[in-house]
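Hi,

Here is the structure I promised to pass on to you.

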Amino acid sequence: MTTPLTLGNLTFDNNLIQGPLAGISCAPFRRLTWQHSKPAFSCTEMISCKTLLHHPLATQKRFTTKALDEGPVCFQLSGADSRELGQATRISTQLGADLIDLNCGCPVNKIRKKGAGSSLLLQPDNLYQLIRAMKDNTHVPVSIKIRVQGFGPDRFHDELIKAINASGLDYLIVHGRHWTEHYETTCHYEDIRFFVEHLNLPVIGNGDIADVASLQTMLATGCAGVMIGRAGVGQPWLIGQLKALLAAETFHTPSQYAIGSMFMEHVSELSALLGSEKFALLQARKIAKYYSRRIPARLEFCAQMNNCEKLEHFETLVRFFFN
Ligand SMILES: Cc1cc2nc3c(=O)[nH]c(=O)nc-3n(C[C@H](O)[C@H](O)[C@H](O)COP(=O)(O)O)c2cc1C
């Protein structure tokens, strides 16, 4: 059975969360996840504070649209300046964020060079100020999503614990890898347990969850909830399936035809949201490998997707391959 999850002033009836994925976590993706799984909540992809503050909202629909029928949403912000983060927190709250998270795990150089993402873990004083700026500008629960020490050279855990404990953070999300580690390195569950044992707030564990066995390994760290990233892409029913299996209920995986229909819904909703068939199809190419996990001619489908420039052609391909 999944258990209820209380984060700040919100209580959810289960403790499974769909995590943030840049280029993927748009409103249609989250809506499908809600329809098929009812997670505790889903996250937006990372949104730069500067973009939120300085670009017209109309150009940011991909990041900021929260659909009426998609369930609770956590807005994930990226930045390193507390004044900007405070303002971005206020805007996110006005846009309907149910929770707000600060990205402290992004390993990408472009982000780290700005002092944001995972480089924030080496600046506990600034991190404290950033969390305070979020807390002072919203009534919704506030979190940070971090990486762990892993086998890297920096020892940031102790300093982090002090900063977090003093800051009033509502909960912590921990991806169990160091920022230098790639997905080939397995998740460091012991580091997640370290945070569970040293903080008096809920810890959400993240990394490599794809089935009941991996979910149970993560729950054994004592974490209050679990965040699922890649495995939720192309499988909007996965969290619902995990909930059912934990409750010892039978679950029928959708047919290939139904999965194809979900993929078409995802892409046509994105096209309508952005008013751009072209952009939606570029996204479709990126996520084709996830939706086509189970189809035998996966490689052929993905190759043909790369030449697909019209929604009509996309639908013909899906109907042909997902049968
Ligand atoms: C394509 C992709 C995009 C991602 N984008 C973000 C992001 O915007 N913000 C973030 O905190 N993590 C991001 N992540 C990391 C995931 O949220 C998650 O922490 C990581 O994939 C581990 O979880 P998993 O093994 O369940 O996928 C991204 C990961 C991938 C593969």
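Below is what I found, starting with the overall layout.

A word on the basis: this is a predicted model, in which local features need pLDDT of at least 70, side-chain atom pairs count only at pLDDT 80 or more, and totals for chains, interfaces and linings use all residues. Residues are numbered from 1 along each chain as its sequence is written.

The chain splits into domain 1 (5–246) and domain 2 (256–321), with bounds that come from an automatic or database domain assignment. Taken over C-alpha atoms, the centres of the two domains are 27 Å apart. Domain 1 and domain 2 each bring 13 residues to the contact, where contact means C-beta atoms, placed from the backbone, within 7 Å. On the domain 1 side, helix H1 gives the most, with four residues (helices are DSSP runs of H or I with at least four residues, numbered from the N terminus). That side has eight nonpolar, three polar and two charged residues. Here Ala, Val, Leu, Ile, Met, Phe, Trp, Tyr, Cys and Pro count as nonpolar, Asp, Glu, Lys and Arg as charged, and the others, Gly among them, as polar.

H1 covers residues 27–37 and includes Thr-33. Why does Thr-33 count as buried? Because 26 other C-beta atoms lie within 10 Å, and the cut-off for buried is 20 or more, with C-beta atoms placed from the backbone. Among the residues that Thr-33 touches are Gln-18, Pro-39 and Gly-232. Thr-33 and Gly-232 are 199 residues apart along the chain, yet their C-alpha atoms are separated by 7.9 Å.

Best wishes

Key: Helix = DSSP H or I, 4+ residues; strand = E, 2+ residues; numbered from the N terminus. Buried ≥ 20, exposed ≤ 12 C-beta atoms within 10 Å, placed from the backbone. Contact = placed C-beta atoms within 7 Å. Lists of a residue's contacts leave out its neighbours within four places in sequence.
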